[in-house]
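Welcome, and thank you for taking a look at this protein with me. Let us walk through it together, one part at a time.

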Amino acid sequence: MALTRHPILTARDRLLLNGLLDYGLLTLAQVQACYFPTSQTTIQAGQRTRRYGVTTTVLNRLYALEKAGWVALSTHAETARYPDTRVVWLGRGAAQVMAQELKLPIQVLHWHKPHSRLMQIPHDLMATTLRLRLETALRQQPECELVEWLSGRLLAADSDSIAYTLPLDGRQVKKTRRIVADSFCVLSCGGSISRFPIETDHSSLSQTRILKEKIHAGLAYIHSPQYRKRYGDNQGRWLFVMESEKRLKNLQALVLRELGKVAASAFYFTSFEAVKTQNVLTDPIWWLGGAAQTPQALWYALKNRV
């Protein structure tokens, strides 16, 4: 039976399922904020809530959808290492029906399969959080819009490999690398198009390794024919979301020292905390690679083509 006609689903349920297909995974709190916003007010009004900051009403609805096979919730064991986090994925039953409706094989959906990539949950959630925060900020700027957002799943399924040179011990060494950003977004502001490959960093790599594997390769990718063929232009800025402001400033200084001011301008840096608590578009939370003194708003960088 078509998903749109299944008797268990409301219009809001369908929005949720489409959202899970698009975002990949969401926390319980993000599900409530995005798809059950009126339930937020009942938290302050004293309605009983669970540990994860979601109302009992919303959690019961998710349990009902899980029982029907439309969504999948992480077990407590799967997310025990991540404090106060449980996530929701699109269920296999919903993915199968969506694929049937689109007349596509299910694997073409590139959906985030439930209970997979568990070690990547913090990584995936930060990318999702950045997107949600950006979408919220864009709603306050009618002249701007999110033209496209590509998840890491989609980029990994259809990636580019480039050849580039890496300075090593005073000489240039030829390297080949497959480029898979964690996300990629295209913004339109006042008719001007801006492209942003995105990396989220959880301190799993040394900054020297990031410089070799992410910075030099990322800069070469923006200037490559593969990038131009895929995105229509050799214009772009890498957005790095770092675990701490200290780590981002250290990397920013390293990039500036290694690349010089002009090349370093292809990189912007901010912290997880800034993304979660401030306006990612209009607040000055981005440290521009080629301007180390004060952070800027992404809005300023877009308008001034910095």
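Predicted model: local features only at pLDDT ≥ 70, side-chain atom pairs only at ≥ 80, totals over all residues.

Now turn to Cys34. Its closest cysteine sulfur belongs to Cys185, and the two sulfur atoms are 17 Å apart, so this pair is too far apart for a bond as well. Cys34 has a relative accessible area of 34% and therefore counts as partly exposed.

So which cysteines do form a disulfide? They are Cys144 and Cys189, whose sulfur atoms sit 2.4 Å apart. That falls inside the cut-off, because a disulfide is taken as a pair of cysteine sulfur atoms within 2.5 Å. A disulfide is a covalent bond joining the sulfur atoms of two cysteines. The link of Cys144 and Cys189 is right-handed, with 125° about the S-S bond. Both Cys144 and Cys189 are buried. A search through the whole structure turns up 1 disulfide.

Next, let us visit the surface. Leu102, Leu104 and Val108 form a nonpolar patch there, and together they have about 250 Å² of accessible area. To find Val108, look in the loop between helix H5 (92–102) and helix H6 (121–138). Is Val108 partly exposed or buried? Val108 counts as partly exposed, because its relative accessibility is 40%.

Finally, step back to take in the whole protein. How many helices and strands does the protein have? There are 13 helices and 12 strands. The radius of gyration is 21 Å, close to the 19 Å given by the globule rule for 306 residues, so the protein is as compact as a globular protein of that length. Along the principal axes, its C-alpha atoms fill a box of roughly 65 × 45 × 40 Å. Of the 306 residues, 50% are buried. Among contacts with a separation of 6 or more, 59% are between residues 24 or more positions apart. The accessible surface comes to about 14,900 Å², and carbon and sulfur atoms account for 52% of that surface.

Key. Residues numbered from 1 in each chain as written. Heavy atoms only, no water. Patch = residues over 30% accessible without salt bridge, like charges linked within 9 Å, V, L, I, M, F, W, Y side chains within 5 Å. Areas by Shrake-Rupley, 256 points an atom, 1.4 Å probe, with all protein chains shown as cover. Salt bridge = Lys/Arg side-chain N within 4 Å of Asp/Glu carboxyl O. Helix = DSSP H or I, 4+ residues; strand = E, 2+ residues; numbered from the N terminus. Buried < 20%, exposed > 50% of the residue type's maximum accessible area, 1.4 Å probe, protein only. Rg over C-alpha atoms; globule rule 2.2 N^0.38 Å. Contact = heavy atoms within 4.5 Å.
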